[in-house]
Structures are given as structure tokens and as C-alpha cells.
Amino acid sequence: MTTPEQSQLGKASAYADQYDASLLFPIPRAGKRAEIGIAGAPPFFGADLWTAFELSWLNARGKPQVALAHITVPCETPNIVESKSFKLYLNSFNNTRFADAAEVQARIRADISEAVWRGADHPATVGVKLLLPELFDREPVHELDGLSLDRLDVECTRYQPAPDLLTAEFGEAPVSEVLTSNLLKSNCLVTGQPDWGSVQIAYSGPQINQEALLQYIVSFRNHNEFHEQCVERIFMDLWTRCKPIKLTVYARYTRRGGLDINPLRTSHPQQLPANTRTARQ
């Protein structure tokens, strides 16, 4: 009889029994950015908004504590953190005693900051906010605002990124629109597991052909790339091919392993959105 160990369910992962910051695995952003034509400073601002739903530790008396964590990583950091390593790192808190939630928050902030800024001349700290159980009921669920592209009955035949699909009305008066889709899907660059997401595209400039834009979003369906890299690819394809005056691309991916990643890239400085989950997250 086939056992789970012999199946496609994957290999068992060794989970650290005690806190271990060395589990974090930073990956440079530069290589993937070079693939999409970014050689120096990128033409965007933004951040990666992480939510950790599986965070627990022991208090001084050994009693388990739980919390949610919101982590904000600026897109200027030279590295991202591979998500499975992030999960393994957070699991290493499970049997470790900390004085209080503030100590846990400070430790996460220091460790993630070191990983994402590793190699930088002027490292900074990332944003970390812990939500304790008494605040769980205040966490809202809200869908991305905008006009849904999914209402369009389009034929889709391409499932690898196809920027040549994108077109815009360069001879017409510019418009301002906010468009959304729940049909974004890509695959993890490391494991090949599916990453399901929703995307919001806000822009001002030549009107983008909506049917073509939806077909382009669907074209990521079999593409292997991290969340952050997919959003930057979408931003750069729209920026170079449709030539908007302003552009913001924001994606919210469903959680995997107790983590969701929600990258935002924008051509102009703006306040980051609240890290509010959608129904699928």
C-alpha cells in the first residue's frame, strides 16, 4: 500500500524546538528585477505586507500565548524572506519562553530587519505589529475596491506571462480607473505550489483595454515566481507598455502555511493601505 511518505504529499520538514533566527532565508531581489528591466533604482515605491496567523510562544510560566502579526517590509530592502523559512522561524517560537508580547515583537522586528536588509549600507527596521486575542474581533474582512474585470466574458488561451496582450488608447483622453480581479494565480518558485491572489490596479493615463488586461492577469496562471516578483512584473509590464501617468499595483494572496503576502508597488509616494484581509484569505 502506498504510504503518505511515498506519495506526492512531500517530505517531512524538521521543525525547530526552540527559537532560531538562523532559519530565516533571505533571497536577493536584484536578480528577478534584472529580468524585468530594472538595473538600478526601481521606478516604484511600496512594501510587502505580511500577516502571520500562526504565532505562539510560552510565557514565563510556560503557558502558551497566541497572537496575529502584521509585518511591513519596504520594497527598498535588498532581500525578501523565503516564506517557508519564515514559517519555520515562527514555529521556533512555539516552545520558547518570553517575558511578554513586547519581547516577541522586538525579536521578530530585529530578526526580519537583519534578514531583509542584509548586505545594505544603511539598514533600517521593518514594521511589526502584534494583535493579541482581545483584538481579534476587530480584524475586518473587506474585498479590494474597484471595478471587477472578472465580469468580462473573455477567451483565455495563454498561461505564461504575456505582456504583448496589453494595449491602451494612446490617442484618447486620459482616464483614472481602479480595476480588480480575483483570477490572479501563480506558482511558488521553490515548491511549485499554487499561489492564489486578488489584484487591484489603479492608474491614471491612457485607458487600458480591460479585456486584454484580464487575459494578461490570467496569463500568470502557470508562471513560477514569488508573490513580490509577480507584482513587480505586472507593474513593469503596465508601466512600459501602457505608459500610465500614475500606477499602483496591489495584490493580496491567500495564506499558505499560516502566512499571507500582499505586495504593493506604486509610481508615486502614498500611504500604505491597511493590512485588511479579503474573504479568501
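Predicted model: local features only at pLDDT ≥ 70, side-chain atom pairs only at ≥ 80, totals over all residues.
## Reading a cavity and its surroundings

Trainee: How do I place R256 in the fold: where is R256 found?

Mentor: Look for the elements on either side. R256 sits in the loop that runs between β11 (246–253) and β12 (259–266).

Trainee: Is R256 buried, partly exposed or exposed?

Mentor: Partly exposed, because its relative accessibility is 29% and that class lies between the cut-offs of 20% and 50%.

Trainee: Which residues does R256 touch, leaving out those up to four places away in sequence?

Mentor: R256 touches C188, T191, Q193, P194 and D195. Two of those names, C188 and D195, carry an annotation: an unreviewed UniProt entry places the feature "active site" at them. The lining of the largest cavity includes both C188 and D195.

Trainee: Take C188 next. Where is the place of C188, and is C188 buried or exposed?

Mentor: C188 is in the loop between β8 (175–187) and β9. C188 has a relative accessible area of 4%, which is under the 20% cut-off, so the residue counts as buried. Beyond four places in sequence, C188 touches Q193, D195, N224, F226 and R256.

Trainee: And where does D195 lie?

Mentor: In strand β9. D195 is buried, with a relative accessible area of 4%. The contacts of D195 include L184, K185, S186 and N187, and also C188, E225, H227, Y253 and R256.

Trainee: How do I read an annotation that names several residues? Which residues does the "binding site" cover?

Mentor: The "binding site" annotation, from an unreviewed UniProt entry, covers S83, K84, R256 and G257. These residues span 175 positions in sequence, yet no two of their C-alpha atoms are more than 9.0 Å apart, so they gather at one spot. Among them, S83 is part of the lining of the largest cavity.

Trainee: Where is S83 found, and which residues does S83 touch?

Mentor: S83 is in helix α2 (residues 83–91). S83 touches W50, L259 and I261, with residues up to four places away not counted. S83 is partly exposed, at 23% relative accessible area.

Trainee: Now the cavities. How many cavities of 30 Å³ or more does the structure hold?

Mentor: There are 4 of them.

Trainee: By which residues is the largest cavity lined?

Mentor: The list is W50, I80, V81, E82, S83, C188, D195, E225, F226, H227, E228 and I261. To see which elements contribute, look at β4 (79–81) and α5, each of which supplies at least two lining residues. By class, the lining of the largest cavity divides into 6 nonpolar, 2 polar and 4 charged residues.

Trainee: H227 is on that list. Which helix does H227 lie in, and is H227 buried or exposed?

Mentor: H227 lies in helix α5 (residues 227–241). H227 is buried, with a relative accessible area of 8%. Away from its sequence neighbours, H227 touches D195, Y253, I261 and P263.

Trainee: How do I read a pocket? How much space lies in the second largest pocket?

Mentor: Take the volume, then the lining. The second largest pocket holds about 270 Å³ of space. It is lined by 16 residues, and those closest to its centre are H70, K129, A274, N275 and T276. Strands β3 (64–74) and β5 (127–131) each supply at least two residues of the lining of the second largest pocket. That lining has 8 nonpolar, 5 polar and 3 charged residues.

Trainee: One last residue. In which strand is A202 found, and with which residues is A202 in contact?

Mentor: A202 is in strand β9 (residues 194–205). Leaving out neighbours within four places, A202 is in contact with E177, V178, K246, L247 and T248. A202 is partly exposed, with a relative accessible area of 22%. For a distance, take A202 and T96: their C-alpha atoms are 44 Å apart in space, and the two residues are 106 apart in sequence.

Note on methods
Residues numbered from 1 in each chain as written. Heavy atoms only, no water. Helix = DSSP H or I, 4+ residues; strand = E, 2+ residues; numbered from the N terminus. Buried < 20%, exposed > 50% of the residue type's maximum accessible area, 1.4 Å probe, protein only. Contact = heavy atoms within 4.5 Å. 1 Å grid on protein atoms, 1.4 Å probe; cavity = no way out; pocket = protein on both sides within 12 Å on 5 of 7 lines; lining within 4 Å. Points joined across faces, edges and corners; volume = space filled by probe spheres on them. Nonpolar A, V, L, I, M, F, W, Y, C, P; charged D, E, K, R; others polar. UniProt positions renumbered as here; feature names shortened; annotations may be inferred.
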